[in-house]
Amino acid sequence: MSGIIGYVGKKEAYPILIHGLNCFEFRGYDSVGVVTVDKNEFELRKFAGKLAEFKEKNEANQPKGNIGLAHSRWATHGMADENNAHPHVSYSGRLAIVHKGIVENYSSLKEKLIKDGFEFKSDTDSEVLINWIEHIQSKSQKSLQESIQIALNQVVGAYSIIVLDKEENALYAARKGAQLVIGVGAEEEEFIITTDTSPLGGYTSQVIYMEEEDVYRLAPGEKINLLNLDNLQKSPVIEEFEEELHAIEKGDFDHFMLKEIYEQPKAIIDSYRGRMSAVEGWIKLGGITEYRNKLNKAKRIVFAACGTSWHASLVGKYLIEELAGIQVSVEYASEFRYRKPVIGNEDVFVAISQSGETADTIAAIELAKHKQALIYGICNSVGSTISKMSHAGSYTHAGQEIGIASTKAFTSQVVILTLMALQLADYKGNLSKTQLNSILYELEQIPSKVEEILKLDAEVKKIAKVYHQANNFLFLGRGANYPIALEGALKLKEISYIHAEGYPAAEIKHGPIALIDENMPVVVLATNDSAYDKIVSNIQEIKARKGKVIAIVNKGDTVIKEIADHSIEIPKTLELFAPLLSVVPLQLLAYHIAVWRGADVDSPRNLTKSVTVE
Ligand code: M6R
């Protein structure tokens, strides 16, 4: 998804802006652009393509100036070409904008502007927005800061924007439904406004997490000026943030995705550390403790999420219903937001999101909040929009995830959901002390069991080579492994572009079995759980139709090894924890297939790290 950054201060803006674009690169983009102000004129450079080429083109003649904006674009309105790339300059030539998000009512605003004599160079909603701001200012004769507030009041959509006024040598920033932070330099002599804190490392550790609908005016050496929605002055809250420099380096790994797969043992420990003790037999997820009464009385828990986080929600459903006996429903956030869902103040609404910025999930929360449900957010990204919108919640503490295909964020979400299910079960008195102790003891063994699975990497790579030219794949699982089948298929699609589907294993005989022939690889999650015998039958059905079976089995399995074409042996664990282990070989399989196919694993086509548009 697009990333935006602005700088104003005493340093050369261009290198700082480029550093920001480097930090956003992993999000996925199709064009980039920079504007600075040199001798009172805009110096505008845009490029449709990769950042490396853009840098090379501008190396010998870098744009000069101490103020500027930059943008990496993931096309929404208009083709991914140079014309539509940001920044966009207003009709008068005084203002420039970088914009992330969508202006939903841009066509009606554009019509009004055209009637007033404005002309447009691009097809973007962003060019409409900057001209709308300019139009409001020229009509109202108010300050630019107030005019931005008035203009945004008439804009429908979710966005973050930075506006540069070349006459005032100042930047203006505002957000709604998309994160924007301000890095504050010493004595307020310089400011970096950015989509997230990653570009701030090495510049400043003082940060303002902008509130929705506030409009900031930032000029070097001047006090930070902040107006709220009602045009009243506010005081900004400046906080310290901790840098995570190691996260943006690949180290010895070829790709961030592989690095993050290997980081899972640590991510799992980080997500349960301090929240449970196997020896003492307790679990304490802050948000759950705080809302104990409400959760105990909850009629229903409703999960809403997208993509991989939606798969984690399905695991959550399995765990909570199994352990705590509370009814759970799992919703696609994108569907929930457009229905008339039956939800009220006796329900608990759990939103799961790695980024905490997913537009559909944010809209679903708004709806559930409106209906008075308690909102519990499970996010990885600290200070994100969803974490702020929630009444209570838990951070997953997986560390920054850069690979577009989510891996360690998923396993840490599942850990939080496991703790949640266990804590609710404990409140309900569903577990004896001995049961709780032994479950938690096994949870503590999971990181070392994941380490063991990672040692199978070379074996998985060989299997990947055999099937890397396949056109289709099926993934099958039952119970808690069914969401893992979905997740395995999603990982493969995202990075290798092979068509893949996940199904509950028993469901294939109701249709998908028609697809099976000697060219169809079928990955079957066949760990030794309660449905083991059924899974063996499912594998036989596939083999009878000449399908190729790659089975994920437990160590020492002899039955399936006899019938499957390939078996990947993973350590045994409790059925509850099967998803945490069985997902790992599927992540490795997707990764190696993509590498064998020569795909761009960390920046797959058409995808973006956080989907901040609907
Ligand atoms: O940041 P979120 O968890 O809200 O993102 C949801 C999905 O966009 C995300 O999980 C997506 O499906 C990933 N690319 C999966 O690998």
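Colleague: How many nonpolar, polar and charged residues does the shell around the ligand have?

Modeller: By class, the shell has five nonpolar, eight polar and two charged residues, with Gly counted among the polar ones and only Asp, Glu, Lys and Arg as charged. This is a predicted model, in which local features need pLDDT of at least 70 and side-chain atom pairs count only at pLDDT 80 or more, while totals for chains, interfaces and linings use all residues. Residues are numbered from 1 along each chain as its sequence is written, and side-chain values use heavy atoms, with hydrogens and water left out.

Colleague: Which residues are closest to the ligand?

Modeller: A residue is near a molecule if one of its heavy atoms lies within 4 Å of it; here 15 residues surround the ligand, and the closest are Ser 309, Ser 353, Ser 355, Thr 358 and Glu 494. Helix H10 (307–324) and helix H17 (482–496) each supply at least two residues of the shell, where helices are DSSP runs of H or I with at least four residues and strands are E runs of at least two.

Colleague: Which side-chain N or O atom is 3.1 Å from an oxygen atom of the ligand?

Modeller: A polar contact is a pair of N or O atoms within 3.5 Å, and that one involves the side chain of Lys 491. Ser 353 places a polar side-chain atom 2.6 Å from a ligand oxygen, whereas Gln 354 uses a backbone N or O atom at 2.7 Å. Taken alone the ligand exposes 410 Å², of which the protein buries 91%, by the Shrake-Rupley method with a 1.4 Å probe.

Methods: Polar contact = N/O pair within 3.5 Å; in protein donor to acceptor, adjacent residues only side chain to side chain.
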